[in-house]
Amino acid sequence: GINAEYMGGFVKVVKNRSYFSRFQVKWRRRREGKTTYKKRRQLVSQSKNKYNTPKWRMVVRRTNKDFVCQIVTAKIQGDVVHCAAYSHELPLHGATVGLTNYAAAYATGLLLARRMLTKIGLADKYEGVVSPDGSDYNVEPVDGARRPFKAIMDMGMAHITTGARVFGAMKGAIDGGIDIPHSEKRFPGFAKEKGTVDTEAHRDRIFATHVAEYQQKLMSEEPEKYKQAFSAYIRDGVTPDGIEKMWADCHASIRSFPMAKTLNHTFKCK
C-alpha cells in the first residue's frame, strides 16, 4: 500500500503519484551493492594534462575461500586487468592451508607485485623487502633506472578498519616493490594513543604466529575442537612449530617463481 505519515489528525501521503513520477532508479551495480560510484569516480579520474596516461589501481577483493588481487586500469569500454594473483595459487608455493587469513593476504599481494614487476621488467631493480619484519616501507626511486611502478589501493566495498586483511594484501604488494601511497595507521599493531605501530605484532600476522598460538592452545585445552577447527592442518601435517617456516618458504618461492602456474614450475615443498 501507500506509505503515510500521521500529522495532527490528518494523513499526509508521502509517496504519492508526484513522487513516483520523479523517482530515478540508481545504477544497476549500485542497486546490487557492488560499486560505490562516488569512490570509483575518485579512483579512475585522471588529469587532462596527462592525456591517455593509465591510472593503475591495485584491486583487492576477498571471498569466503579466496583472495583476489589485480592490477587494473579503467577505459571507456570497461576495466582492463593487466595482472592478477589469487590465494588459491599459494599451494603451488608451499602454503596449503589458511588461504584466507592475514598471512595469505600478504603472500597474495607479494605474488601480485613480483608478477607485475617481472612482466614490465622492473623485478631486478625493485626487490622490496626480502625479509619482512612488520615495519613500514616505502619504495624509493633507484638512480639511473626507471621510476618505481605506482598504483593506488582499491578496496571496493570493504570496511576500512585497523588490521583488516585487505591491508595485508597491500602490505605484501608494497614489500614486493610496488609503490602504493599509504599510511601505517591501518596495519595490525597500530596504537592510536601512542601513534606508532607494534612491528612485532604486525610481523606475527604476516607469518601467522597468532594462528600457531591458537592452534597450540586448542591442542592442549580442547582436543575435540582442535580436530574440527584445524582439520586441514592435521591433514597436511602442519604443526604450530611449522607455520612460520611454511609462510617464509612461500615468500621465497614467490620471489623465485612469480610466474608459476603449475607445480612443475616451483620447488618441491616438504
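The model is predicted, so to speak plainly about limits: local features need pLDDT of at least 70, side-chain atom pairs count only at pLDDT 80 or more, and totals for chains, interfaces and linings use all residues. Residues are numbered from 1 along each chain as its sequence is written, and side-chain values use heavy atoms, with hydrogens and water left out.

**Thr73**
- Thr73 sits in strand S4 (residues 67–75); strands here are DSSP runs of E with at least two residues, and helices are H or I runs of at least four, both numbered from the N terminus.
- Thr73 is buried, at 3% relative accessible area, where buried means under 20% with a 1.4 Å probe and protein chains only.
- Leaving aside neighbours within four places in sequence, Thr73 is in contact (heavy atoms within 4.5 Å) with residues including Pro54, Trp56, Asp79 and His82.

**The largest nonpolar core**
- This core is a set of buried Ala, Val, Leu, Ile, Met, Phe, Trp, Tyr and Cys residues joined through side-chain atoms within 4.5 Å.
- Of its 56 residues, Met58, Leu90 and Trp247 touch the most other members.
- Helix H4 gives the largest share of this core, twelve residues.
- Not counting residues up to four places away in sequence, Trp247 touches Leu90, Ala95 and Phe207, among others.

**The largest cavity**
- Tyr106, Leu110, His251 and Arg255 are among the residues that line the largest cavity, and lining residues have an atom within 4 Å of a point on a 1 Å grid over the protein atoms alone where a 1.4 Å probe fits but cannot get out.
- Helix H4 (102–120) and helix H10 (243–256) each supply at least two of the lining residues.

Key:
Buried means under 20% relative accessible area, exposed over 50%, partly exposed in between (1.4 Å probe, protein chains only). On a 1 Å grid over the protein atoms alone, a cavity is a set of points where a 1.4 Å probe fits but cannot get out, and a pocket is an open set with protein on both sides within 12 Å along at least five of seven lines; lining residues have an atom within 4 Å of a point.
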